[in-house]
Amino acid sequence: MKIKRTLKWSAPAILLVLFAWFEFAYWTSTNDCGRKIPPGAQLMKEIKYCEYGPPDAVLKLGQVEKPAPNDNQVLVRVRAVSLRFFDSGMLEGGVGRLIFGLRKPKNTTPGSDFSGTVEAVGRNATEFKPGDEVFGVRAGALAEYICVRLNGAIASKPVNVNFEQAAAIPTALVALQGLRDTARLKAGQKVLINGASGGVGTFAVQIAKSLGAEVTGVCSTHNVDLVKSLGADHVIDYTKEDFTKGDERYDVIYDLVNNRSFAERRRVLKPGGICVLAGVGGSGMRKETLFNLAGELTAALRSKFSKEKFVMFGVDINKKDLGVLRDLTESGKITPALTKTYPLTETAAYNYLETGHASGKIAITIE
């Protein structure tokens, strides 16, 4: 009886506290859009969004104060930024508000994967010098200049690609770590990549080949030639064939779509095989996104009771693996599949990303 009485009174109290916290967090969430620029400050161009909404409505090109590096930073003149699958979803808000800001976005400049030229260095930043070409990851990259920590995710640019291609390379961290570290893919193993024509998928095909695997890519009719050109040994057109009903069995499924059931994918895994849950299909937030995410969680839990494992993982954005990707690029083992390039002044890049069917990588150039 005491337990029932306690639950009866504590549950409403907990809900009340959560409601009060949410209201406080919502109405106190703000950003720097109202900050005034000091008189005489050096200015630069930057893309900002101060409110959530469609790209055409919220993205604005304006001028802000140019940053200056501290002792442990480098100032980078940004030349290109590539978009990731979640970038359009950040603008719309949705469930992303729990991460990006409840009422207004905390970080008002989108973009993270950049390439550019070192403009200036801090006193302790001896690794780089002005004029060095670099690439990396830093939140708020859609600007003429950004400051990047010396121990942050920044590395020298591969010499055999242009700035737009270099900006696309950090996306490959998801493929590299998912296949090398989570799946522990080995030479001679068979891997199926579901979503092989997307931003991560195009890198996954090439990285799997560099590891010596036999690669099968799954994509639409429109992208079959693209996936073949990346080195896939076999390509399945999902509009004509369901890979879960075939006779082939795989050591690894690298799943960027998560549009098949636990039982269907387990059926085509070899005994003891692994399915790496690396995505929820397409870009932005759509009606099927939460359903696919729930499917990932369910599959990961169910696999705890089977020989075949379904594993979710989080990417570790670090300088060491950027160096690995640079070396793979310079050796010709991976080439960024850059399919579209847009100028800074256009929002069309985000509109294309929002379709959920973007192939390869998209880059925005900053002149």
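**View 1. The disulfide between cysteine 33 and cysteine 50.** Cysteine 33 is joined to cysteine 50 by a disulfide, with an S to S distance of 2.0 Å (a disulfide being a pair of cysteine sulfur atoms within 2.5 Å). The pair links distant parts of the chain, 17 residues apart: cysteine 33 lies in the loop between α1 (2-28) and β1, and cysteine 50 in the loop between β1 and α2 (55-58). Helices (H or I, at least four residues) and strands (E, at least two) are DSSP runs, numbered from the N terminus. The torsion about the S-S bond is about -95°, so the disulfide is left-handed. The model is predicted: local features need pLDDT of at least 70, side-chain atom pairs count only at pLDDT 80 or more, and totals for chains, interfaces and linings use all residues. Residues are numbered from 1 along each chain as its sequence is written, and side-chain values use heavy atoms, with hydrogens and water left out.

View 2. Cysteine 33 is partly exposed at 27% relative accessibility, as is cysteine 50 at 28%. Cysteine 219 is buried, with a relative accessible area of 2%, and cysteine 275 is buried at 0%. Buried means under 20% relative accessible area, exposed over 50%, and partly exposed in between (1.4 Å probe, protein chains only).

View 3. Helix α7 (residues 199-210) has 12 residues, of which 10 are buried. The buried residues include Val200, Phe203, Val205 and Ile207. Just after α7, glycine 212 takes a positive phi of about 90°.

How values were computed: Expected span 1.5 Å × (residues − 1).
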